[in-house]
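Here's a quick tour of how the parts of this model pack together. Take a look at the structure first, then read on.

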Amino acid sequence: MKQSSTIQERLRDYLTGNLGFKDVVVSHAELIFGGFSRETWRIDAEWLTADGVRTEKSMILRLDPPFSLLESNRHVEYAMYKAFWPVPGVPVPEPLFIEDDPEPLGMAFFAMSRLDGAAWPGELRQPMYKEAWSKIACQMFQILGLIAAQDCRDMGLADLLPVPSVDNAWAVELDKWEKVINDNDIGPLPVLRAAIRKLRREPPPPAPKLSVVHGDYRIGNYLYIPEGIVGVLDWEMAHLGDPIEDLGWAFAKNWHFAKAPGKIAGKLTAGEAIRIWEDASGLKVHPDAMRWWTLFTNVKAYALWVTAANKAATGFTRQLINTDAAWQNMYDQELWMLEDMGGVS
Amino acid sequence: MRPAIPVAIDAALRDFKNLIKIETDANKRLNMIALITFLNVLKRDWDTIASSRVEEIEVMSSLLKRGAELAPEQLRQSLTEAVSQAEQNRGDLRMSTLDTTIDRLKIALIDLQIWLESNSTEEGQALHAELYSFLKSKASRLAVLRKMW
């Protein structure tokens, strides 16, 4: 991990040498918690652009990790910020620059503007959110509906990402996550394997359209203030596919509040969230699709815990977050998976 | 007598819970929460750490024996062999041995599940339901169910 003084100097050199800015001052660098997948820095900097304009930016640097639970793709995440930055109603941070060369900062990275707001869902319990919480929960599904409503081809994303068909989007995702589980073998897993077989035996109806799927859309992955959501973050698992996938993930029991069991984002019933999403997207949620993607969500989440368990067990990176991800979540997920399988079939 | 392990864990948990209240660094807080989860699970499971595994082996062996009575010849052989291997290790209460035995039985259990999924006989479905009931009871026993928020 780098020291803040080192990052300040190296970023100043990068902005000067690589981007051609002049009179660069990096006044603040602070390592912040930005999830488990990337090292995240808050940076304050100012410079003169090539055409002489004085620019001040408070930004977030997301550096590639030596290891992550996710096979994250910096270019995909950056492309999503670029694609959605101009879209009204889908707030994202402004993408600033991306660098593949690990030399300047020690790891490849990208930068985006910093937004003020809270991400930690527990903040919603503060008195200042008493009135706003329900509005934020509704907005979460309006935004998700708007993401689904966009034309991924018009956004240029079909040139960057694999394009499944509406008929096989489910199979592409299931294959992908089953491979992650197989590649991170931690021994025989009867519940998980039964869920995967059930998903293959009983495929969902075709996707209502081919959409951008955020891939990790849930409370905790957007910034909010009392006036509402100001930025959707963490697009590193984004892909093209069935938009119902995001609904399944957003509904997962993993993200429920202790004091609001069964409520989505702490406030909504599944029916309410679906209605908001349908209004915003113009699409319909088939109950069979919802059931399929709900069970799939358990498999995908389990794949993350299996990855963490494998990395810890094999000593690849024996960090507390890896042992915790497995110890905290695996049997919870099995329990929910069994519930969502609905018994023997 | 030294304090029992759960007593020592209790003391550690109390200290960690006090430390976490004053820790402001998000990464350190998350690591402390992770450690607390681990200690809580250890405390919860300590007393039954061997007996629960022995019981698990017995239940799985019983399910596999019943499956062997219903299954076609090839599957019957592999289920019987898995049970027989487990019986050979009976009495070895090292965690590593118990876990290895459980993993071997799980492999057989998955084979049995796959066969039961296409078996529509009454006995087959009843066994399938019991197998799921066992898996659910195990998951319930080991789940942490601590919400992050």
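## Two helices side by side

α8(A) and α9(A) run roughly antiparallel to each other (the label for angles over 145 degrees), because they pack at an angle of about 155°, with their axes 8 Å apart. Axes here are lines fitted to C-alpha atoms over the stretch in contact, and angles run from 0 to 180 degrees between N-to-C directions. Helices are DSSP runs (H or I, at least four residues), numbered from the N terminus; these two span residues 287-313 and 320-341 of chain A.

Among the residues making the contact are Leu295(A), Tyr302(A) and Trp305(A) from α8(A), and Met330(A), Trp336(A) and Met337(A) from α9(A). Contact means C-beta atoms, placed from the backbone, within 7 Å. The tally is 14 nonpolar, 6 polar and 2 charged (nonpolar: Ala, Val, Leu, Ile, Met, Phe, Trp, Tyr, Cys and Pro; charged: Asp, Glu, Lys and Arg; polar: the others, Gly among them).

## Where chain B meets chain A

On the chain B side, 31 residues are in contact with 26 residues of chain A.

## About the model

This is a predicted model, where local features need pLDDT of at least 70 and side-chain atom pairs count only at 80 or more, while totals for chains, interfaces and linings use all residues. Residues are numbered from 1 along each chain as its sequence is written, with chains lettered from A and ligands numbered from 1 in the order in which they are written.

Conventions: Two residues are in contact if their C-beta atoms, placed from the backbone, lie within 7 Å. Angles under 35 degrees count as roughly parallel, over 145 as roughly antiparallel, 65 to 115 as roughly perpendicular and the rest as oblique.
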